Amino acid sequence: MKAIVYDRYGPPEVLRLEEVELPGAGPGEVRVRVRAASVTTADWRLRASAFPGVLWLPGRLMTGLFRPKNRVLGLDFAGEVDAVGDGVSRFATGDRVFGFAGKGAHAEYLVMPEAGAIAATPEDLSDPEAAALPFGALSALVFLRDYAGLLPGQSVAVVGASGGVGAYAVQVARALGARVTGIASAGSRGFVLGLGAERFVDYGVEDFTFGAERYDLVLDTVGATDFSRARRVLAPSGLFLPLNFGLREIVQSLRTRLRSGPRVTIGVSGDTAADLEALKTMIADGQLRPVIDSIYPLGRIAEAHAHVETRHRRGAVVISPV
Ligand SMILES: NC(=O)c1ccc[n+]([C@@H]2O[C@H](COP(=O)([O-])OP(=O)(O)OC[C@H]3O[C@@H](n4cnc5c(N)ncnc54)[C@H](OP(=O)(O)O)[C@@H]3O)[C@@H](O)[C@H]2O)c1
């Protein structure tokens with residue numbers, strides 16, 4: 001089968017299309033014929049070994065100290081089940097599925113456990129639309145619902161509201177009943193308001209941390225602010241939740257837990273089939289829709305990576321057909 005592989009960390013040009021062995025589905029596993037996959041921030045960080053701050057060494061130890069252990073990137077996918085291993089009961093050959101494999105989706109086929117983050121694709125979604133969801137929407141769901149415990153009526157500022165996670169964070173926060181202020185550049189105003197934000201702040205002309213609005217939650221998806229600035233606009237029991245964190249945020253999260261006032265929480269996203277089902281319910285209820293920035297053919301994977309690395313996009317960057 002064809003796959004995009006890389007054997008050293010570096011710029012998008014380290015990626016190349018290669019013929020590799022077709023994997024088989026072992027016991028409890030499904031093999032998926034991938035029809036679309038997204039290129040996420042995690043893909044470029046893994047490819048470039050660009051882990052923020054103190055996470056560089058642990059990241060490098062996990063992914064391969066001298067060269068990448070896993071040669072095929074690609075976290076999210078959509079396609080159809082092509083083979084099932086012994087004991088598989090949730091899926092059958094021909095089922096349309098989407099999910100979060102964590103690796104290997106930038107290839108014609110991938111294998112993953114049926115107990116993993118994989119679910120039936122909603123009938124009314126195309127494969128590129130389904131592949132645009134898992135990374136951004138699962139991150140948004142886990143951070144807003146689980147880490148922040150966002151409640152109806154609360155006020156949230158989403159920094160990077162048009163990006164890979166941000167475009168879903170605006171929608172999920174609204175679905176949880178919150179009032180959303182989206183922060184991005186001027187060109188994204190209509191897009192972010194269209195996702196359901198009540199207010200929009202153009203970071204090019206205004207620093208929202210000097211605004212009059214008070215927030216129960218500041219979700220920073222970009223690393224554009226920090227706790228010392230966010231706390232100016234946080235309610236007394238408000239929370240600063242950065243998706244990118246370093247030693248400073250780790251210490252702040254421990255310190256702020258011990259005293260009253262605004263807190264910092266850090267965490268990593270989760271990926272479960274149950275949460276994919278929760279996203280499907282939001283889609284069926286009209287609260288969530290896939291957001292696609294652009295679609296690239298597999299042969300232009302380096303361009304797709306370079307685009308994601310700019311940190312200026314609206315929703316997901318998808319490769320299709322794979
Ligand atoms: N901890 C975890 O488990 C976890 C999970 C998922 C993601 N992450 C991390 O979270 C980050 C977010 O990923 P992503 O895919 O959403 O990133 P992204 O798509 O690159 O974010 C782009 C967004 O950031 C905005 N932006 C750029 N510069 C800005 C600035 N100075 N101020 C405010 N907004 C700015 C862009 O708006 P304009 O285009 O309008 O400028 C756009 O809305 C990544 O670093 C990723 O590694 C962590």
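Helices (H or I, at least four residues) and strands (E, at least two) are DSSP runs, numbered from the N terminus. Residues are numbered from 1 along each chain as its sequence is written. The model is predicted: local features need pLDDT of at least 70, side-chain atom pairs count only at pLDDT 80 or more, and totals for chains, interfaces and linings use all residues.

**Stop 1: the whole protein**

Show everything as a cartoon. The protein has 10 helices and 15 strands. Its radius of gyration, taken over C-alpha atoms, is 20 Å, close to the 20 Å that the globule rule gives for 322 residues, so the protein is as compact as a globular protein of that length. That rule is 2.2 Å times the number of residues to the power 0.38. Along the principal axes, the C-alpha atoms fill a box of roughly 55 × 45 × 40 Å.

Two residues are in contact if their C-beta atoms, placed from the backbone, lie within 7 Å. Take the contacts between residues at least 6 apart in sequence: 68% of them join residues at least 24 apart.

Next, burial. A residue is buried if 20 or more other C-beta atoms lie within 10 Å of its own, exposed if 12 or fewer, and partly exposed in between, with C-beta atoms placed from the backbone. Of the 322 residues, 46% count as buried.

**Stop 2: two domains**

Color residues 2–133 and 291–319 as domain 1, and 135–264 as domain 2. These bounds come from an automatic or database domain assignment. The C-alpha centres of the two domains lie 27 Å apart. Select the contact between them: domain 1 gives 17 residues and domain 2 gives 15 residues. On the side of domain 1 that touches domain 2, eight residues are nonpolar, five polar and four charged. For these classes, Ala, Val, Leu, Ile, Met, Phe, Trp, Tyr, Cys and Pro count as nonpolar, Asp, Glu, Lys and Arg as charged, and the others, Gly among them, as polar.

**Stop 3: around the ligand**

Which residues are the closest to the ligand? Select Gly 160, Gly 163, Gly 164, Ser 185 and Leu 243. They belong to a shell of 28 residues that surround the ligand. Two elements give two or more residues to the shell: α1 (41–48) and β9 (179–184). The largest share, three residues, comes from α1. By class, the shell has 11 nonpolar, 14 polar and three charged residues. Domain 1 and domain 2 each supply at least three residues.

**Stop 4: helix α1**

Stay with α1. Is this helix mostly covered or mostly open? It is mostly covered, with six of its eight residues buried. Select them: Thr 41, Ala 42, Asp 43, Trp 44, Leu 46 and Arg 47. Their cover includes β3 (29–39), α2 (56–63), α4 (134–147) and α10 (301–309).

Step on to Ser 49, which follows α1. Ser 49 sits in the loop between α1 and α2. Its phi is positive, about 55°, although Ser 49 is not a glycine. Most residues other than glycine have a negative phi, and most peptide bonds are trans. Ser 49 is partly exposed, because 17 other C-beta atoms lie within 10 Å.

**Stop 5: the nonpolar core**

A nonpolar core is a set of buried Ala, Val, Leu, Ile, Met, Phe, Trp, Tyr and Cys residues joined through C-beta atoms within 7 Å. The largest one has 96 residues. Select Leu 144, Val 158, Val 172 and Ala 173, which have the most contacts inside it. This core draws at least three residues from each of domain 1 and domain 2.

Zoom in on Leu 144. Beyond its neighbours within four places in sequence, Leu 144 is in contact with Leu 150, Ala 169, Val 172, Ala 173, Leu 176 and Leu 219.

Move to Ala 173, in helix α5 (residues 166–175). Why does Ala 173 count as buried? Because Ala 173 has 31 C-beta neighbours inside 10 Å. Not counting residues up to four places away in sequence, Ala 173 touches Leu 144, Leu 150, Val 156, Val 158, Ala 178 and Val 180.

**Stop 6: toward the end of the chain**

Select Arg 311, in the loop between α10 and β15. Arg 311 is not a glycine, yet its phi is positive, near 65°. Arg 311 is partly exposed, with 13 other C-beta atoms within 10 Å.

Finish at Pro 321, in the segment after β15 (316–319). Is the peptide bond from Ser 320 to Pro 321 cis or trans? That bond is cis, with omega near -5°.

Technical notes. Near = placed C-beta within 6 Å.
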